[in-house]
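Try each task before you read its solution.

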Amino acid sequence: MKQEAPPIMAKKVTVSDMPNSVFINNAGILGQLIKAKRTELGIKLADCAALCGIGINTLSRIENGNANCTLAAVFSVLNGLGIKLTSKELTPAANTSSGRKEWI
């Protein structure tokens, strides 16, 4: 009698922690943020890379904080995951003459 193989279960995505930082000031924190968002959504690395139009290795390097990834690849991932980067300096209230900040 032939024994049936057990059903293959899809590997579940383990949710990563959000970075413990107030600011995104380096590639490592940005990578942690991206990985946390991807895993929160339950998207596998390969699926996310395909969704964003980049290679798996590129996405892995971004999530691991490799500072040599292109901005185009990083923004493809941010847009694919619905992550918007914002700054108080870009808001209309900050751009009024009384609230304008000088950039050095």
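A pocket is an open set of points on a 1 Å grid over the protein atoms alone, where a 1.4 Å probe fits, with protein on both sides within 12 Å along at least five of seven lines; its lining residues have an atom within 4 Å of a point. The model is predicted, so local features need pLDDT of at least 70 and side-chain atom pairs pLDDT 80 or more, while totals for chains, interfaces and linings use all residues. Residues are numbered from 1 along each chain, and side-chain values use heavy atoms, without hydrogens and water.

**Exercise 1.** Find which residues lie nearest the centre of the largest pocket.

*Solution.* Start with the lining, which has 21 residues; Ile24, Asn25, Asn26, Leu30 and Leu85 lie nearest the centre. Next, look for elements giving two or more residues to this lining: they are H1 and helix H4 (71-81). Helices here are DSSP runs of H or I with at least four residues.

**Exercise 2.** Decide whether Thr39 is buried or exposed.

*Solution.* First locate Thr39 in helix H1 (residues 27-40). Its relative accessible area is 3%, so Thr39 is buried (buried is under 20%, exposed over 50%, with a 1.4 Å probe and protein chains only). Then list what Thr39 touches beyond four places in sequence: Val13, Thr14, Val15 and Ser16, where contact means heavy atoms within 4.5 Å. Finally, the Thr39 side chain reaches the backbone nitrogen of Ser16 at 2.9 Å.

Technical notes:
A polar contact is a pair of N or O atoms within 3.5 Å; within protein, one must be able to donate a hydrogen and the other to accept it, and residues adjacent in sequence count only if both atoms are side-chain atoms.
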